[in-house]
Amino acid sequence: MSSPEVVVRPAVPADVRAIRTLVEPYAAQRILLAKEWVGYYESVQEFVVAQAGDDVVGCGALHVMWEDLAEIRTLAVDPGWRGRAVGHLLLDALVARAHLLGLHRVFCLTFEVDFFARHGFRVIDGTPVPQDVYAELLRSHDDGVAEFLDLARVKPNTLGNTRMLLDLAGDAGG
């Protein structure tokens, strides 16, 4: 019997339980950060999900950080679906969403350096924003923004991940 086709679509509130279920094993391994239920519901509009038949088999989110910058977050694939390009489909959908929003750069914090590099992301040091934008981003209470800024207060929570950036201005996709 063949596997059902995987379709990537925007998440809806009814998907939150499946999203949390996908993230939990990765959070237990300290690969992804766990969120409270309310955090998933508050950010559901940022998520896309990969659906195969009636099952949600992957998820990912695009969180806008500034007028030209967003972060890929919470990219997770059901372990039974790994190796079937579900992560690639999700990442492509999130990058396409970034293009539609007119963003120029996409950030991620990841252990999967090779995976993101295959999509054009490069490892970064420092914080690639002007000082005035840096000062404004410092006002954010969001841990993902703090991770982008490489602030000391989040270093114990970054789990040793690599900071990477995709320059969409040089990417003809979308």
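## Backbone geometry

Threonine 74 is buried, with a relative accessible area of 11%; the term buried denotes under 20% relative accessible area, exposed over 50% and partly exposed in between, computed with a 1.4 Å probe on protein chains only. This is a predicted model, in which local features need pLDDT of at least 70 and side-chain atom pairs count only at pLDDT 80 or more, whereas totals for chains, interfaces and linings use all residues. Residues are numbered from 1 along each chain as its sequence is written, and side-chain values use heavy atoms, with hydrogens and water left out.

Threonine 74 belongs to strand β4; helices (H or I, at least four residues) and strands (E, at least two) are DSSP runs, numbered from the N terminus. Its phi is positive, near 50 degrees, in a residue other than glycine. Most residues other than glycine have a negative phi. A positive phi, of about 60 degrees, is also found at arginine 30, which is not a glycine either. Arginine 30 is located in the loop between α1 and α2.

## Helix α1 and its surroundings

Helix α1 comprises residues 16–28, 13 residues in total, and spans 18 Å from its first C-alpha to its last. This is close to the 18 Å expected at 1.5 Å a residue, where the expected span is 1.5 Å times one less than the number of residues. Arginine 30, with its positive phi, follows α1.

Which residues of α1 are buried? They are Val16, Ile19, Arg20, Leu22, Val23, Tyr26 and Ala27. The elements that cover these buried residues include α2 (37–42), β2 (47–52), β3 (55–66) and β4 (69–77).

## Salt bridges

The structure contains five salt bridges, each defined as a side-chain nitrogen of Lys or Arg within 4 Å of a carboxyl oxygen of Asp or Glu. One of them joins the side chains of arginine 20 and glutamate 24, at 3.6 Å from N to O. Both residues lie in helix α1, four residues apart, which is about one turn of the helix. Arginine 20 is among the buried residues of α1, while glutamate 24 is partly exposed, with a relative accessible area of 40%.

Another salt bridge connects aspartate 68 with arginine 105, with the closest N and O atoms 3.3 Å apart. Aspartate 68 lies in the loop between β3 and β4 and arginine 105 in strand β5 (residues 105–110), so this pair ties together parts that are 37 residues apart in sequence. Aspartate 68 is buried at a relative accessible area of 18%, and arginine 105 is buried at 15%. A further salt bridge, between arginine 73 and glutamate 71, has an N to O distance of 2.8 Å. Arginine 73 has a relative accessible area of 13% and is buried; glutamate 71, at 4%, also counts as buried.

## Aromatic pairs

A pair of aromatic rings is described by the distance of the centres and the angle of the planes. Rings of Phe, Tyr and Trp (its six-membered ring) pair if their centres lie within 6.5 Å; planes under 30 degrees apart count as stacked, over 60 as edge-to-face and the rest as tilted. By this rule there are three aromatic pairs. Tyrosine 40 and phenylalanine 47 form a tilted pair, with 6.4 Å centre to centre and 50 degrees between the planes. Tyrosine 40 and phenylalanine 47 are both buried.

Phenylalanine 115 and phenylalanine 116 make an edge-to-face pair, 5.2 Å centre to centre with 90 degrees between the planes. Phenylalanine 115 is buried with a relative accessible area of 12%, and phenylalanine 116 is buried with 5%. Ring pairs join Phe115, Phe116 and Phe121 into a cluster.

## Charges over rings and cysteines

A charge is taken to sit over a ring if NZ of Lys or CZ of Arg is within 6 Å of the ring centre and within 35 degrees of the ring normal. The charged end of arginine 17 sits over the ring of tryptophan 37, 4.9 Å from its centre. The charged end of arginine 84 likewise sits over the ring of tryptophan 81, at 4.0 Å from the centre.

How many disulfides does a search of the whole structure find? The search finds zero, a disulfide being a pair of cysteine sulfur atoms within 2.5 Å. Cysteine 59 is buried, with a relative accessible area of 0%, and cysteine 108 is buried, with 1%.

Note on methods: Contact = heavy atoms within 4.5 Å.
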